[in-house]
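Welcome! Here are some exercises to work through with the structure open beside you. Try each task before you read its solution.

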Amino acid sequence: MLRTTAAVIAGKAARAASRVRGGGGSAFPGLVAERVDPRFLEHALADVREGVVVVTGTNGKTTTTRMLVALLRAHGKRVLTNPTGSNFTRGVISSMLKDLPLSGRARADIAVLELDEAHALKFAEVVAPSHALLLNVARDQLDRFAEIDHTARLLERLAGQATEGVVLNIDDPYVARSREVIPEGVTVRYFGLDASIAHRLPEILETDVRFAEEYAPPESGDGAGFLRPRDEREFDIVVPGGEDIGPVALQQRGLAAMINATAATTTARMVLGDAFSPGTAARALAQVRPPFGRGEVVDVDGQPLELVLVKNPAGFTVALSTYGSEPVATMIAINDDYADGRDVSWLYDVSFESLRGRGVAMTSGIRAYDMALRLQYDDVPVDAIEPALVPALDRFISAHRDEPKRLFCTYTAMMSLRRTLAARYDLPEFGEEAADA
Amino acid sequence: MPEIPQSESKGTIRVVHLYPREMSIYGDLGNTRCLEKRIQRHGYTAEVVGHNPGEPFPEDGHLFVGGGGQDSGQVRVEDDLERNADIIRSLASDGTPMLMICGMYQLFGNAFITVEGNRLPGLGILDVTTQGNAKRMIGPVVLETVVGKVVGYENHSGSTTLGHGQEPFGTVLHGFGNNGTDRTEGARTGNVFGSYLHGPILPANPGLADLLIGLAATRATGRPFEPEPLTDGVADEARGRQVRRLLGIAS
C-alpha cells in the first residue's frame, strides 16, 4: 500500500505543478502516478463496491457519462467519475487524484468511467467492469482504429468482459450484434429509438456490411428504454412493460443528447434496480449542464456563442440537423492533429446543404482551405478563410458582434479556441467541471 | 464560386460509382460529388449511377469510380466483379476512364495475397500485385504526377508491387505509396488510374478530375472536351499548403 501512497503524493504534486503552468485536464499527473504504482487504478477502485461502469462508443461518451453520474447521484450514490473528457486510463487517474485520500482508495459507491474504445479494453484488463454501456460504432479517427469492423470487435470484446450487465444500442447493428458474446448470467438490456422517429436512424448510423443478410433487431426484453421525442429538447422514455419516464426537458438540444439520456437512464435503471425512481431520473436529467464544447454557450458581449465539437461524419451530421433549424453566423475550424483525426476525408461524408441559405462566415484551422473547398462543393458561400485560429475568431466576432454565433470545431481547435474564450469571458477552466457535477 | 453555365448542355456524361455501399468508407464519395459538380460547371449534364452487387452492370457508363472499403465490404463485391470481369476489362481496353482508389485499386490488380498466403485473383487490368501486411501504411501523401503535384491521405495494409513495365500513377515525395520502398504510388494503364490516395483525391486535385472528365466527355459526345474556365483558387491553396507543409517548404 505504501507504493500507492507514494503514487498519490507524486501524482498530486504533478497535478499541482501542471496547474501552476496552466495545463488543466492533462494526463501528466496520471502518468506520474502510474509510473510510481503500475497497479494504481486497481487499488484506487478496490473499495468501490456497487459497481464500475464503463461508458464507451464513438459518439456521446462525455455527455452520457455526465448524465449517468447525475442520475446515480440523484439517487443518493457517491459516484467517482472522469468528467474531463480525457478518457484514456492516465486521464482517468489524473482526474481522480484531486479527491483521492492518501490511502489511494477512492471513497465512492460506484465508478462511472468514460473510456475510448481501445482504452476501455486496456482498462478492463486491469479492473473488470461490472457494467458496460456500448453507445454506437461510427467512422471516427480511422487512422487510429483503421476500420469500423475493428472498432466493433473492440467493443464486442469489452461487452464480453462485464461481470454483471451490459446495455446495448438496439438500433446499431455493430453494437447489438455483440450480444452473442455476452456470457450467460450477465444481463443484457437495450436502448434505442421509438418507432415514431425510426426514420431518423440513417443520419446517425453506419451501414454494417459484414453480413449478407439485413440486420434484424433482437427482442428488446425487460428493462429496455426507447426514446420518443416531443420536440428538440423534451421527450419521454418508453419502457415496455414498465413505467415510462418523462416528460424530460434537457438543457442541451437535439436528437443526440436525447439518445444519450435514454442510454444513461436505461443504464441507471439497471445499476440501481428497485431503487430507481422515474421522477428522480427526470429531475436529475433536467439539471445536467451541457459538457465542455457540446453545445456549451458562451456569452460574448451580450450575444450567445455556441461551441459545438465535431469529430466524425455522424456527429457533424447530427449537429447540423440539431442546429440547422436556427441558422446563425457560423464559423468552422478544422485541425488535423492526432486528436482530431489526421485524415480530413470524412468531411466529404457530411452534407452541408443546411448551411447553404445563411452561408459560413469563416473557416479556420490547419485545414481551413480544405473546409472551404468542401463547402464550395455543396454550394455553401464562405465569407472568409483564415487558418490562424485566434485571428479568425477575432474577425468572426467583430463581423457579427450583435447577433448569435455558432462555432463548429474539431478537438484541438476547440481546446485552443476555448482557452482564448475562457481568458476573455470568465469560463470555468477546462478540467474543473468535476467540481460542480 | 463559378456559376453553373445556364446555356444548353454540351452533352450527358454518365458517371458510375462502383459499390457505393460497400466501397466508400474513407470519404471517397467525395470523388463522385466532385465529378458531378465539375461536369455541370463545365457545361455538361451529369448523370450519376451507383452500381450495387447483383445488379445489371451499367456498360453505358462514360467514367467509372470506385473507393476504399473494409475487408468485409471487399468480400461482398468480389463475386460481382468476377461476374462482370469481361465487361470491365473490355471497357478498360477500349479507353474508358476509370479511377480506382485503395481497395478497388487492389481488386483491379492481378492478385491480393493475404497474410496467410492465400492468393485472391483480381481483374488484372493493372499489372500490380498486393501482399497483405500486418503493418498499415497511414499518413498524408504528396506525389509528383502527370497532372503535377497531387496531395491525399493513405491508409492501407496491403503492400503493392508494380509488374515489369507497369507505369505508376505518381512518384512519392512524402508518404509511403505502393509499398514504402520504391517511391512509386498507384498505377496507370491507358485511361485506368489506380491509387491509394483518399482525401478524397479529386476535390483538392482538380487537374486529375478534369483529366478524367475530359476523357469521359470525348467518349460521351464524340467531340473533344470543351471545358469552361473554372476558378480553383481554394483547391490550389488547400493543395499548396499541404505540399509546403509536408515537404517542409517555408510558405
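**Exercise 1.** Leaving aside neighbours within four places in sequence, which residues is V141(B) in contact with?

*Solution.* Please keep in mind that this is a predicted model. Start by locating the residue: V141(B) is part of strand 8 of chain B. Next, list its partners, which are V150(B), V151(B), G152(B), E154(B), H174(B), L197(B) and L246(B). Now pick L197(B) from that list. In sequence V141(B) and L197(B) are 56 residues apart, yet their C-alpha atoms are 7.6 Å apart in space.

**Exercise 2.** Decide whether V141(B) is buried or exposed.

*Solution.* The cut-off for buried is under 20% relative accessible area. V141(B) has 0% relative accessibility, so it counts as buried.

**Exercise 3.** Find the residues that touch the most other members of the largest nonpolar core.

*Solution.* This core has 66 residues, and those with the most contacts to other members are M98(B), L99(B), M104(B), F108(B), I201(B) and L202(B). Helix 6 of chain B, residues 206-221, gives the core its largest share, six residues. Then zoom in on L202(B): beyond four places in sequence, it touches N31(B), C34(B), L35(B), L99(B), L208(B), A209(B) and L212(B). Finally, look for a second, separate core; this one has 49 residues, including L155(A), V175(A), V186(A) and I25(B).

**Exercise 4.** Work out where the buried residues of helix 2 of chain A sit around its axis.

*Solution.* First name them: in helix 2 of chain A, residues 28-36, the buried ones are P29(A), G30(A), V32(A) and A33(A). Because they cover an arc of only 160° around the axis, they lie on the same side of helix 2 of chain A.

**Exercise 5.** Describe how chain B and chain A meet.

*Solution.* Begin with the residues: 38 from chain B and 36 from chain A take part in the contact. Then turn to the area buried between the chains, about 3200 Å², with carbon and sulfur atoms giving 52% of it. On the chain B side, R33(B), Q70(B) and V234(B) supply 18% of the area this chain buries against chain A, more than any other three residues.

One salt bridge joins D378(A) to R33(B), with the closest N and O atoms 3.6 Å apart. Among the elements of chain B that each supply at least two residues to the side touching chain A are helix 1 (29-41), strand 8 (137-145) and helix 7 (233-247).

How values were computed:
Residues are numbered from 1 along each chain as its sequence is written. Chains are lettered from A and ligands numbered from 1 in the order in which they are written. This is a predicted model: local features need pLDDT of at least 70, side-chain atom pairs count only at pLDDT 80 or more; totals for chains, interfaces and linings use all residues. Side-chain values use heavy atoms; hydrogens and water are left out. A nonpolar core is a set of buried Ala, Val, Leu, Ile, Met, Phe, Trp, Tyr and Cys residues joined through side-chain atoms within 4.5 Å. Buried means under 20% relative accessible area, exposed over 50%, partly exposed in between (1.4 Å probe, protein chains only). Helices (H or I, at least four residues) and strands (E, at least two) are DSSP runs, numbered from the N terminus. Contact means heavy atoms within 4.5 Å. The arc is that of the directions from the helix axis to the C-beta atoms. Buried area is the accessible area (1.4 Å probe) that two parts lose on being put together, summed over both. A salt bridge is a side-chain nitrogen of Lys or Arg within 4 Å of a carboxyl oxygen of Asp or Glu.
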